[in-house]
Amino acid sequence: MFRPMNSEPDEPAKLHGGRLVARRLKAHGVKQVFTLSGGHLFSIYDGCRAEGIALVDVRHESAAAFAAEGWAKVTREPGVCALTAGPGVTNGMSALGSAQQNHSPMLMLGGRAPAQRWGRGSLQEVDHVPFVRPLVKLATTASATAEIPGLIDDAWSEALRPHSGPAFVDFPLDHVFMEAEEPEPAGSLPHQPATPDERMLDRAVALLRDAERPVIMAGSDLYWGHGEHALRELAEAVGIPVFLNGLARGCLAADHELFHSRARRTGLHEADVALVVGVPMDFRLAFGGAFGDDCELIVVDVAEPEREHPRAVAAELYGDLDGTLRALAGAAAGGSPTRAWLERLRSLETELRAGEHEQLADPRAPLHPLRVYAELAKVLDRDAIVICDGGDFASYAGRAIDSHEPGCWLDPGPFGCLGCGPGYALAAKLARPGRQVVLLLGDGAFGFSGMEWDTLARHGVGVVGVIGNNGIWGLEKHPMEFLYGYSVVADLRPGTRYDRVVEALGGHGSLVRAPAELRPALERALAADGPALVNVLTDPVIAYPRSSNLA
Ligand SMILES: Cc1ncc(C[n+]2csc(CCOP(=O)(O)OP(=O)(O)O)c2C)c(N)n1
Ligand SMILES: [Mg+2]
């Protein structure tokens with residue numbers, strides 16, 4: 001169906017719909033599209049091939065969609081996946097939910113049954129839009145070939161507009177295979193962030209200047225809003241202890257004197273003024289209850305919140321996050337928290353970290369998860385990208401792994417979808433080929449997308465996986481036993497040789513039964529040519545100490 005560009009001046013060039021898709025993607029800087037083969041997508045593939053966009057093919061659409069999200073998480077640019085009609089799109093939906101809650105900009109392209117046959121029972125025919133719409137910022141269907149470039153541009157800018165998130169466009173077979181002239185690009189204006197309210201800014205400055213026990217609690221929108229430099233400036237100008245979650249991790253290096261993590265409960269609870277930056281007050285902040293009742297909250301974000309705040313806030317600053325933090329840094333510089341506050345949090349942080357030494361050095365076999373991370377820390381580069389996917393094993397990673405640069409820590413986020421890791425890791429290593437990319441997995445988590453080691457091997461992507469293999473769905477088994485005195489559907493097969501699965505798929509595998517075997521196995525895996533998996537047997541008795549896991 002594809003006809004090369006016609007050079008006759010009087011006959012405008014026509015391109016098929018797939019080529020029009022690819023040309024707009026290329027104009028937005030897209031280098032690769034994650035996909036799994038489907039006839040509905042052939043013309044998009046042909047277009048990508050003609051435009052020099054790489055196609056990275058995976059083994060389950062879920063991984064393609066999570067790779068698109070992972071690309072965004074590492075690069076702060078939208079990732080793109082193309083999923084075939086019907087089950088291809090339904091298989092990718094979890095990643096849309098994830099990207100929505102993580103504010104990850106991504107574009108999902110869907111194949112679709114031909115429009116002229118809708119309602120007559122075509123293969124894989126279903127209207128995707130009504131069921132993806134609640135998960136995305138924009139969901140639409142191309143209704144003519146000529147419309148395609150404009151739809152891609154709209155979806156792209158919608159994905160990036162704060163709060164950033166996923167966008168979806170599907171392409172009926174007839175429209176995407178037919179040809180049309182390429183319209184002139186509309187040249188959409190870049191998003192202009194709103195300037196926060198002056199009065200609110202003054203109020204925030206006054207609160208910060210008078211604060212005796214201030215804290216900063218920052219989350220993913222700090223990262224999406226490119227606010228890391230301004231955050232450091234503000235924290236240093238006033239001397240405010242900083243706590244980070246989600247994608248904000250690494251936005252202040254873990255070895256910065258104002259960075260704290262273990263002292264978070266006390267820090268948030270006892271603060272008199274809290275600057276809540278780019279993070280919703282959801283379950284991770286006890287719906288606002290993580291801060292003391294009398295604490296004054298200053299909320300800074302890239303846009304108005306998507307949900308009402310669960311408690312009253314003293315000042316709200318929405319729009320240009322970076323500019324707002326800089327303005328606060330300049331104006332609040334005279335403020336000075338009490339020495340006692342800074343010393344208290346620092347000594348608590350040090351004391352709590354010291355209390356972990358025993359577990360980090362735990363000699364048991366099968367291993368304690370914290371021992372795994374103690375060994376891993378010795379071989380990780382400062383800019384290593386660490387991804388976690390699992391239950392307790394991932395929670396321990398969240399506590400033990402230090403991040404030093406933005407975009408180096410990828411966890412599932414509040415949507416908490418097991419199986420996101422291999423897609424994230426694939427994209428991370430493709431985006432940053434020179435860096436270590438380490439994927440920490442529960443044995444349960446491995447089951448969702450372990451076949452993606454085939455993808456990693458075929459594409460020569462050197463991700464290093466580390467499994468905490470405790471033979472159980474730990475984060476479910478322990479809480480259920482605590483509540484009911486017994487557990488059901490929480491056991492896996494002990495000692496499964498996931499390392500051999502990876503070997504069979506073309507990667508390097510090793511089994512670790514005792515602490516002394518771990519470091520050499522990690523070193524071999526990091527030096528391997530291609531993907532590797534270190535299958536570490538961990539102790540199923542160990543339960544991550546948590547206060548709540550559902551709400
Ligand atoms: C897609 C999906 N299904 C189920 C869950 C519920 N869930 C959360 S953690 C967990 C256990 C994970 O087990 P594993 O990966 O082995 O890690 P462990 O807790 O044992 O360290 C389960 C089943 C989920 N979060 N996501
Ligand atoms: Mg497990």
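Here is a friendly conversation about the predicted model shown above.

Biologist: How are residues, chains and ligands numbered or lettered, and what pLDDT do local features need?
Modeller: Residues count from 1 along each chain as its sequence is written, while chains are lettered from A and ligands numbered from 1 in the order in which they are written. This is a predicted model, where totals for chains, interfaces and linings use all residues, side-chain atom pairs count only at pLDDT 80 or more, and local features need pLDDT of at least 70.

Biologist: Into which domains is the chain divided?
Modeller: The bounds come from an automatic or database domain assignment. With them, the chain is divided into domain 1 (14–181), domain 2 (198–351) and domain 3 (356–537).

Biologist: Which helix gives the most to the side of domain 1 that touches domain 3?
Modeller: Two residues are in contact if their C-beta atoms, placed from the backbone, lie within 7 Å. On that basis, 22 residues of domain 1 are in contact with 25 residues of domain 3. Both α3 and α5 (93–102) supply at least two residues of this side of domain 1; helices here are DSSP runs of H or I with at least four residues, strands are runs of E with at least two, and both are numbered from the N terminus. With eleven residues, the one that gives the most is α3.

Biologist: Is alanine 142 buried or exposed?
Modeller: A residue is buried if 20 or more other C-beta atoms, placed from the backbone, lie within 10 Å of its own, exposed if 12 or fewer, and partly exposed in between. Alanine 142 is found in the loop between β6 (138–141) and α7 (148–160). It has 24 C-beta neighbours inside 10 Å, so alanine 142 counts as buried.

Biologist: And leucine 252, buried or exposed?
Modeller: Leucine 252 lies in the loop between β10 (242–244) and α12 (264–270). Leaving aside neighbours within four places in sequence, its contacts include Leu231, Val242 and Phe259. There are 26 other C-beta atoms within 10 Å, so leucine 252 is buried.

Biologist: Which strands stand at the edges of the open sheet of six strands?
Modeller: Two strands pair if DSSP finds at least two bridges between them. The order is β15-β14-β16-β17-β19-β18, with parallel pairing. One side of each edge strand is left without a neighbour in the sheet, because each has a single partner strand; these are β15 (409–410) and β18 (508–512).

Biologist: Which residue in β17 stands opposite valine 438?
Modeller: Strand β16 (residues 437–442) and strand β17 (residues 464–469) pair in the parallel sense over five bridges. Opposite valine 438 stands valine 464.

Biologist: Which residues come nearest to ligand 1?
Modeller: A residue is near a molecule if its C-beta atom, placed from the backbone, lies within 6 Å of it. The elements that give two or more residues to this shell are α17 (392–400), α19 (443–449) and α21 (474–484). Of the 19 residues around ligand 1, those that come nearest are Gly391, Phe393, Gly442, Gly444 and Gly474.
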